[in-house]
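Please look through the sequence and the model shown below before reading on. The report that follows takes up a few helices and loops in turn.

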Amino acid sequence: MIAVNGPAVVADDVSIEYRSTRAGEPIRAVDGVSLSLRQGEILAVLGESGSGKSTLAAAIAGQLGAHGEGEGAYRRQIVGGELTVLGQKTRGLRASSRKLGRLSGRIGYLPQDAADRLSPDLTVGEAVAEPIYARDRRFDRKEAGLMVARLLDAVHLPLGSMRLNTWELSSGQRQRVALARALILEPQLLVADEPARGVDVLVRQSVLEALANLQRNRQFSAIVVSSDLREARALADRVAVMADGRLVGLGTFDDVLDNPVDPYVKTLAATAARPVKRRPAGAAAAAAPRRSSAPRRPVAAGGSGPRSERSLTDRQDQA
């Protein structure tokens, strides 16, 4: 792994435009954004649909290029400022350049439709291992299998799922397969665009917990795009809020939400859920019955809890 001195990501007055393949005015999707991501930090990028957050994430992941097909296709490119990712300046790099190729190997990218992009013709094991063989066709298959097994366990999927085809899984399970696939090359940076998008509400918490536990254990840096304040706050160290292509808030969640200036940030602050106040220990003890016939349920810490807890999650996924 190549060591990086300084921040993992630095955006300095970055502007990104969509330019039509036909004659027409370009569309400014990101307008003069400046921010940085520290090593080992999770930064949430929050905003409404059309705010430019996904375009910024794609640029950081080195995934700009063409967008769409046919007459409606656009060419996306950085037209202003400088974007530095893992020490590499990315503005002007061609999609076929060796520098971008080497950089992309150090970045894991989880797009919004990652679960839908999984090939139905592949087994789960093959889908997760595919990036390995795209890099090195001669990679040892036994070692690849061990790497896949470790990641599937980390995202709370049974090892038996390796032999299933991806279409046989629930949406929550496929999303976790996509997360494992994005991390199989042990990237220094993960860019996750709406990691729980489309996942049933009953299991989306397990997807987010798997992401948080993996980041904690592997210490990679991460950009997590979200439109949900609660989910972003549960995952990230700091937040960048975007509206109409511009950055309208940056800092810790408390700093951004306690003193809002932009109208959109004010709306976020007004709708932010207040933390639940804990009852005093004495009051809780007094209210609790002296004896309970129900067995106490073990609490799983991260992903290392008892197997009964994991099997429960898997049954919920199948529901």
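## Helix 10: two sides

On one side of helix 10, Pro263 and Ala270 are exposed, where exposed means over 50% relative accessible area, buried under 20% and partly exposed in between, with a 1.4 Å probe and protein chains only. On the other side of helix 10 (residues 263–271), Tyr264, Val265 and Leu268 are buried. These three cover an arc of only 100 degrees around the axis, which puts them on the same side of helix 10; the arc is taken from the directions that run from the helix axis to the C-beta atoms. As background, an α-helix has 3.6 residues a turn, so residues three or four places apart point the same way.

The buried residues of helix 10 pack against strand 3 (42–46), helix 8 (229–235), strand 10, strand 11 and helix 9 (253–258), contact being heavy atoms within 4.5 Å. Helices (H or I, at least four residues) and strands (E, at least two) are DSSP runs, numbered from the N terminus.

## How the model is read

This is a predicted model, in which local features need pLDDT of at least 70 and side-chain atom pairs count only at pLDDT 80 or more, while totals for chains, interfaces and linings use all residues. Residues are numbered from 1 along each chain as its sequence is written, and side-chain values use heavy atoms, with hydrogens and water left out.

In helix 4 (residues 124–135), the buried residues include Val124, Ala127, Val128, Pro131 and Ile132. Among the elements that cover the buried residues of helix 4 are helix 5 (141–154) and helix 6.

Helix 6 (residues 171–183) also has a partner in helix 7 (residues 204–218), for their axes come within 10 Å and cross at roughly 20 degrees. Axes are lines fitted to C-alpha atoms, for helices over the stretch in contact, and angles run from 0 to 180 degrees between N-to-C directions. Helix 6 and helix 7 are therefore roughly parallel to each other, a term for angles under 35 degrees. Gly172, Gln175, Arg176, Leu179 and Leu183 in helix 6 meet residues of helix 7 that include Val207, Ala210 and Leu214.

## Two loop residues with positive phi

Most residues other than glycine have a negative phi. Aspartate 244, however, has a phi near 55 degrees, and it is found in the loop between strand 10 (238–243) and strand 11 (246–251). Because its relative accessibility is 71%, aspartate 244 counts as exposed.

Glutamine 219 likewise has a positive phi, near 60 degrees, and lies in the loop between helix 7 and strand 9 (221–226).

Conventions:
Parallel < 35°, antiparallel > 145°, perpendicular 65-115°, else oblique.
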